[in-house]
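Reader: Please take me through one part of this model closely. I want the ligand site, then a helix pair, with every cut-off stated.

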Amino acid sequence: MMNSEVDGDRLEGYDLIAVLMLVLIAGLDTTWNALSSAMLHLATHPEDRRRLVAEPALIPTAVEELLRFYAPVVLTRETTKDVQLGDTTIPAGELVLLNWAAANRDPEMFPDADKVIIDRAENRHIAFGTGIHRCLGSSIARLELKIAIEEWLGVIPEFELDDPESVTYSTGHIWGPRVVDVVYPATVAAARS
Amino acid sequence: MKVSVDPDKCQGHGRCMMYDTEIFECDDLGYAHIRGDGTVPEADREEVWFASLNCPEQAITVDESA
Ligand code: HEM
Ligand code: SF4
């Protein structure tokens, strides 16, 4: 990034530091919240977990569905001019919450929108936003989630939630379970040591 | 069957390329382009449909009649 050039322009000085900070911060809480939601789901849905163990080729499709359903990021925009949306006018200078998570549950777009269907083949979700500011890190985020789930299930195919009461959530514009304590059978532990 | 990508809509999410790299390729900035003239061989039909149905920007158009 420090050496790249677009149309003859380079990032320098404060701009470079700002972009590096953004990439760093945007890639941390987002991915761990997405991953902890995925783990919580797999810990509490043995039928989905066992299917992914039996059919690992489904993991990328499952990652998209978990991103749709547990969409970890909701951000804001500021209107630069008056915007007419249906019957409502949003005046210039207002903060608008972009609830991609709600769009991902639109029943007109997603049949059985409130269900996790891990082999959902038609899944135009917008957990990474849309338009020019769509997530810059979506490809690496997808890869991280896929690898993490593949590797975990390869070693620990059977596990469940230890204590549902212990799950606490991070809130704010990046959302997900903070703590997901799981237990797995002694046979798995023995095979590892 | 023919397929095209609208360059004004594509934001380079890359989901099409997850389905079919025979048909979709990306430029240096990550935006999608169609290889060749957009004619879809029989073997790629299903993948191309899935690419269009999963593109978050609705940038991919499939023409069954062509
Ligand atoms: C599952 C993980 C992630 C999710 C759900 C996610 C989601 C999002 C969303 C919804 C946006 C806002 C899009 C918009 O404003 O229209 C965004 C922006 C951004 N994301 Fe991610 N993100 C994730 C991981 C990452 C990673 C790993 C990186 C970096 C390596 C990253 C870097 C960025 C950057 C730089 C932006 C700002 C782009 C801009 O404003 O032009 N994200 N992300
Ligand atoms: S999925 Fe859509 S937005 Fe993404 S690269 Fe392909 S055509 Fe472009």
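**The ligand site**

Author: A nitrogen atom of ligand 1 lies 3.3 Å from a backbone N or O atom of A:Ala26. That is a polar contact (a pair of N or O atoms within 3.5 Å). This is a predicted model, where local features need pLDDT of at least 70, side-chain atom pairs count only at pLDDT 80 or more, and totals for chains, interfaces and linings use all residues. Residues are numbered from 1 along each chain as its sequence is written, chains are lettered from A and ligands numbered from 1 in the order in which they are written, and side-chain values use heavy atoms, with hydrogens and water left out.

Two side chains also reach oxygen atoms of the ligand. For A:Arg77, an N or O atom of the side chain is 2.8 Å from an oxygen atom of ligand 1. For A:His133, the corresponding distance is 2.7 Å.

Now the iron. Its single protein donor is A:Cys135, through SG, 2.3 Å away. Donors are N, O and S atoms within 2.8 Å of the metal (3.2 Å for Na, K and Ca); water is not among the atoms, so sites may look incomplete. A:Cys135 sits in the loop between α5 (100–103) and α6 (138–155) of chain A. Helices are DSSP runs (H or I) of at least four residues, numbered from the N terminus.

In total, 24 residues surround ligand 1. Each has a heavy atom within 4 Å of the ligand. A:Thr30 is among the closest.

Next, the helix pair. Helix α2 (residues 29–44) and helix α3 (residues 46–54) of chain A pack at about 100°, axes 5 Å apart. So α2(A) is roughly perpendicular to α3(A), a term for angles of 65 to 115 degrees. Axes are lines fitted to C-alpha atoms over the stretch in contact, and angles run from 0 to 180 degrees between N-to-C directions.

Terms used: Helices (H or I, at least four residues) and strands (E, at least two) are DSSP runs, numbered from the N terminus. Angles under 35 degrees count as roughly parallel, over 145 as roughly antiparallel, 65 to 115 as roughly perpendicular and the rest as oblique. A polar contact is a pair of N or O atoms within 3.5 Å; within protein, one must be able to donate a hydrogen and the other to accept it, and residues adjacent in sequence count only if both atoms are side-chain atoms.
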